[in-house]
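Hi,

Here is the structure I promised to pass on. Have a look at it first, and my notes on what turned up follow below.

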Amino acid sequence: MNYRVGIDIGGTFTDFALLKGTQVIVHKNLSTPEDRSIGVMTGLDTLAQKEGLSLADFLSQCDAIVHGTTIADNTLIEMDGAVTGLITTEGFRDELEYRRGFKEDIWDTRLAPPKPIVPRRRRLTVPERILFDGSVYKTLDEGAVRECCRKLKKQKVESVAISLIFSFVNPSHEKRVAEIVAEEMPGVHLSTSHEVLPRAPEYDRTSTTVVNAYVAPRVTSYLEKLVSRLQQGGYKNQLMVMQASGGVMTKEYIEGSPIRVLASGPAGGVIGSAHVGSKKGYPNILCVDMGGTSYDISVVANGNAPAIAGWNMHHRNLVGVPMVQVETLGAGGGSICHINNGELQVGPASAGSDPGPICYGRGGQNPTVTDALLMLGVLSADSEFAGGSFSLSAKGVREAFHSIGERLGSSAEEIAFDAWRLVNANMIQAIRRTTAGKGIDPKDMVMLAYGGNGAAFAAVHAEALGINRVLIPKASPTFSALGTLVAKPSIDEERSFICPANAPDLKKLRQLWEELEARAVKYFADANFRQSEIQSTYQMNMRYRGQNFALTFDMGQNDLSFLDDNLGGKAIAAFNERHMAEYGHVRDEEIPEITGVRLATSVDTPAPVVDSGFTTTAFDAEHTTIRKVNLGQGYQDTPIHRGVNLRPGHRITGPAVIEETFTTIVVYPGWIAVLDDACDYELRLQSV
């Protein structure tokens with residue numbers, strides 16, 4: 001038996017999805033913040049035991065281990081990355097401060113700028129200048145570079161970002177700076193902009209390179225440690241790592257640009273949602289992922305979750321690499337309930353896995369959303385939690401909510417219910433902002449809920465948004481891990497080159513695409529994929545002159561046969577079609593300009609099989625027990641169902657609670673849940 005394992009490390013739990021033929025086996029265990037590879041190996045050992053194998057035998061039979069991680073995100077959230085310095089062209093020292101004039105909320109006069117990753121004292125400049133056409137206007141002052149190194153060494157810099165003007169056209173100066181830094185500062189990590197993001201404009205490229213330099217030492221150190229543990233354990237293949245673009249690639253490729261793992265865990269969930277939604281006949285999906293720390297929102301349209309390369313503001317820093325669009329809110333099971341300015345507030349701070357919510361019994365002192373669910377009866381101290389890895393405890397929970405209630409003049413039960421209402425309001429409002437910003441009416445979509453806590457809140461959110469159908473896959477508690485198994489090995493890169501669209505430089509464009517092809521072939525070969533297996537999509541970036549942002553569109557598939565004397569006309573027609581779809585107009589009198597080329601390559605690999613059909617008949621399920629639960633209408637006797645007892649065709653009418661192995665599904669009043677052939681849940685408003 002050969003296995004494929006998907007892994008997603010969250011702030012509270014590390015999730016596993018084991019693909020065994022067509023069967024999917026899920027597992028969760030607490031994350032280990034002190035060394036996250038320990039939690040990974042613990043979970044793999046548990047999966048091996050479930051299969052009746054030793055860890056070494058299990059790992060030797062794994063065809064692939066695919067890993068999504070939040071380590072880069074956590075580094076930006078906690079601001080504990082490497083001590084980073086920046087070397088840039090003279091006159092561009094403050095590009096990171098200018099931020100192209102961008103402010104997240106132009107109406108918030110008190111919004112402070114983000115804390116700079118590189119303070120001004122570590123942003124140094126050197127005399128040099130390359131022009132837009134690649135010609136050298138001013139030669140590089142190598143003595144100034146060495147002086148920068150001396151200053152950075154005095155500040156104990158661990159990672160250096162190098163971003164010179166127009167290095168993406170001619171990287172010779174940037175390469176020489178990197179050579180000098182390596183000589184003067186041996187052992188320091190280097191990030192050069194012509195490798196991290198080889199395109200204009202300078203703020204986008206510099207910001208992306210700086211973020212890469214900041215997170216790189218932590219990401220590469222973690223991956224090396226994990227790979228070492230896997231090899232020692234008996235794993236013989238390459239570790240595949242989830243990227244923000246929605247694809248996976250080898251550790252060696254990721255080490256060249258570690259910034260590509262930002263938001264890789266949430267990206268896995270979106271890719272999985274697109275796969276499941278399409279198979280079940282719902283191509284337009286509103287994806288909501290509620291874990292222990294965060295609430296992630298994304299949209300799948302027409303079965304696709306395209307990666308956007310451009311203006312991706314992530315943790316208040318611009319990241320220009322391709323990223324699946326995910327909006328994150330600090331709302332999860334571990335979100336802490338507290339008083340702020342005399343009012344109850346939930347999150348964004350989280351109790352995480354250590355110590356975790358009070359009910360985990362691991363020393364937590366602050367009440368959380370999970371504690372509120374226990375108070376409301378949605379969770380029970382009498383039931384197994386997280387697959388039976390530990391039990392919840394009510395000890396100290398009521399007292400914590402009572403302490404808050406005393407200050408606000410409410411009972412412990414009222415505070416727990418208010419916390420539930422407040423976190424719901426926060427999440428619903430976040431969905432409205434996200435969909436409105438995309439010009440989407442959520443009423444036209446089907447919600448797909450996943451994560452350990454997503455199923456406990458999904459129907460409330462759907463009803464408030466006018467959505468009448470919610471999908472909850474059986475594997476929803478570890479859905480982002482499952483999504484990594486759906487994701488294809490892929491490389492998505494671009495190169496800048498500016499020329500008028502009606503007179504394209506065919507020779508130069510061919511050269512750039514062939515360079516990207518060669519890189520892709522090399523890395524796929526390192527991952528044991530043949531060139532004949534690679535599927536390629538050739539894309540072009542274009543804009544009207546004076547526009548800040550270019551649009552990307554497809555030009556051809558798998559070969560460069562489209563690159564002929566008619567390229568200009570074909571490109572302009574494709575650009576106009578894309579511009580009309582995006583902005584609702586075209587400028588017939590203007591000739592757009594080409595700003596660069598992009599190549600998206602991928603290889604097909606086995607993906608989890610999704611059953612698409614419902615059973616022809618539905619019949620009521622018998623509940624296991626009854627307990628008092630408050631689902632918005634006060635404490636009422638509520639049927640409790642055990643997921644292990646349910647079969648395809650079973651129907652559960654709300655109000656009801658379904659206790660699955662790793663999650664709790666709440667069927668709110670006015671809703672029904674039906675299990676399909678794959679034992680996935682579909683929740684529907686009874687009026688539908």
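H173 has a relative accessibility of 10%, so it counts as buried, the cut-off being under 20%. Bear in mind that this is a predicted model. You'll find H173 in helix α6, which covers residues 172-184. Its side chain makes a polar contact of 2.7 Å with the side chain of E128. Leaving aside residues up to four places away in sequence, H173 touches E128, R129, I130, V136, K138, T139, L140 and L164.

Next, a helix pair. Helix α11 (residues 369-376) packs against helix α13 (residues 412-437) at an angle of about 125 degrees, and their axes are 9 Å apart. That angle makes α11 oblique to α13. The crossing of α11 past α13 is left-handed. From α11, the residues in the contact are V369, A372, L373, M375 and L376. On the α13 side they meet A412, E413, A416, F417, A419, W420 and V423. By type, the residues of this contact come out as 11 nonpolar, no polar and 1 charged.

Then there are some backbone details in the loops. Two peptide bonds are worth a look:

- A200 to P201 is cis, with omega near -5 degrees; P201 lies in the loop between α7 (193-196) and α8 (202-233).
- G654 to P655 is cis as well, with omega near 5 degrees; P655 sits in the loop between β33 (650-653) and β34 (656-659).

Which way does phi go at K156, positive or negative? It is positive, about 60 degrees, although K156 is not a glycine. K156 belongs to the loop between α5 (142-154) and β9 (159-163), and its relative accessibility of 65% means that it counts as exposed.

N302 is another non-glycine residue with a positive phi, here near 55 degrees. You can find N302 in the loop between β14 (295-300) and β15 (307-308). With a relative accessibility of 61%, N302 counts as exposed.

Last one: R530, in the loop between α16 (506-526) and β27 (535-543). R530 has a relative accessible area of 56%, so it is exposed. In sequence, R530 and V603 are 73 residues apart, while in space their C-alpha atoms are 9.2 Å apart.

Over to you now.

Cheers

Terms used: Residues numbered from 1 in each chain as written. Predicted model: local features only at pLDDT ≥ 70, side-chain atom pairs only at ≥ 80, totals over all residues. Heavy atoms only, no water. Axes fitted to C-alpha atoms, helices over the stretch in contact; angles between N-to-C directions. Helix = DSSP H or I, 4+ residues; strand = E, 2+ residues; numbered from the N terminus. Parallel < 35°, antiparallel > 145°, perpendicular 65-115°, else oblique. Left-handed = near helix turned anticlockwise from the far one by under 90°. Contact = heavy atoms within 4.5 Å. Nonpolar A, V, L, I, M, F, W, Y, C, P; charged D, E, K, R; others polar. Buried < 20%, exposed > 50% of the residue type's maximum accessible area, 1.4 Å probe, protein only. Polar contact = N/O pair within 3.5 Å; in protein donor to acceptor, adjacent residues only side chain to side chain.
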